[in-house]
Amino acid sequence: VLFRSIIASGELTENLKITFSRQFTGLLLGLALGVITGVIAGIYKKIELITQPAILFLLSVPAIIFVTMAMVWFGMGTKMAVFLVALLVFPVMHTNTAAGIHSIDPELKQMAAVYRIPPLKKLTKIYLPGMRGHLITGFSLGMAASLRLTIMSEMLGAADGMGQRIFISRLYLETEKLFAWVVVLLIILVLLEFLIIRPLKKWTRTG
């Protein structure tokens, strides 16, 4: 009974597609940018010192402020949601990637330099294995945060998506729909935790 109205009307499928599309686009952009800048900052100390204030700023400022800024710059809709997710996933991945570079044994780096190991082999045999735990941590945190950020951005500045449906249901006191959407969100968060995040963390510990 709880889900009948949103399933029968097609709201569930349609809005899940919209929300997941925004989430994964923003997540991938944030992860990619974070890994690239994190590697550079981890290798070059001066660049890390230059970027650190901006990273700390992004991590410390409440997300609602960035939502407001994004609405001004991009208007309401997909661009705003994707920008917000990418912007706030980026510093998490950047920080973990840089930490992964720092965690690699300096002797291994020196050995690679002495024996002039090719960059690609150095990446696959030294850097990626040494960074794996930190990369998985950054991905897990980004994955968990990206859905919440997408929902929040949709609640405040979108005409569709799960977040917008939750907002509308609350606004018009449609209690049954509101609970249905909240339960759907909780189910998705639990599935992400048990199907993706926990297996990745277990793989990191046992690998």
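This is a short tour of one predicted protein model, from its overall layout down to a few single residues.

Some ground rules. The model is predicted, so local features need pLDDT of at least 70 and side-chain atom pairs count only at pLDDT 80 or more, while totals for chains, interfaces and linings use all residues. Residues are numbered from 1 along each chain as its sequence is written, and side-chain values use heavy atoms, with hydrogens and water left out.

Start with the whole chain. The protein chain has 9 helices and 0 strands. Helices here are DSSP runs of H or I, at least four residues, and strands are runs of E, at least two, numbered from the N terminus. Along its principal axes, the C-alpha trace spans about 70 × 40 × 25 Å. Of the 207 residues, 37% count as buried. Buried means under 20% relative accessible area, exposed means over 50%, and partly exposed is in between, with a 1.4 Å probe and protein chains only. Now contacts, meaning heavy atoms within 4.5 Å. Among those between residues at least 6 apart in sequence, 77% join residues at least 24 apart.

Next, the core. In soluble globular proteins, nonpolar side chains tend to be buried together. A nonpolar core is a set of buried Ala, Val, Leu, Ile, Met, Phe, Trp, Tyr and Cys residues joined through side-chain atoms within 4.5 Å. The largest one here has 38 residues, and those with the most contacts inside it are Phe 66, Met 162, Val 184 and Ile 188. Several helices give two or more residues to this core, including H2 (11-43), H4 (63-74) and H9 (175-206). Which helix gives the largest share? That is H7, with 9 residues.

Look at two of those core residues. Met 162 touches, among others, Leu 16, Trp 181, Val 184 and Ile 188, not counting residues up to four places away in sequence. Ile 188 sits in helix H9. Ile 188 counts as buried because its relative accessibility is 11%. Ile 188 and Leu 147 are 41 residues apart along the chain, yet their C-alpha atoms are separated by 9.1 Å.

Now H7 itself. H7 has 39 residues, but its end C-alpha atoms are only 44 Å apart. A straight helix would reach 57 Å at 1.5 Å a residue; that expected span is 1.5 Å times one less than the number of residues. Where does H7 bend? At Arg 132, by about 55°. The bend is the angle between axes fitted to the seven residues ending there and the seven starting there.

Stay in H7 for Ser 140. Ser 140 is buried, with a relative accessible area of 4%. A polar atom of its side chain lies 2.8 Å from the backbone oxygen of Ile 136. Ser 140 also touches Ile 197 and Lys 201, not counting residues up to four places away.

Last stop, H4. H4 has 12 residues and reaches 16 Å from first C-alpha to last, close to the 16 Å expected. Phe 66, Val 67 and Ala 70 are buried in H4. They cover an arc of only 105° around the axis, so they lie on the same side of H4. The arc is that of the directions from the helix axis to the C-beta atoms. What covers these buried residues includes H3, H5 and H7. Just after H4, Gly 75 takes a positive phi of about 75°.

Methods
A polar contact is a pair of N or O atoms within 3.5 Å; within protein, one must be able to donate a hydrogen and the other to accept it, and residues adjacent in sequence count only if both atoms are side-chain atoms.
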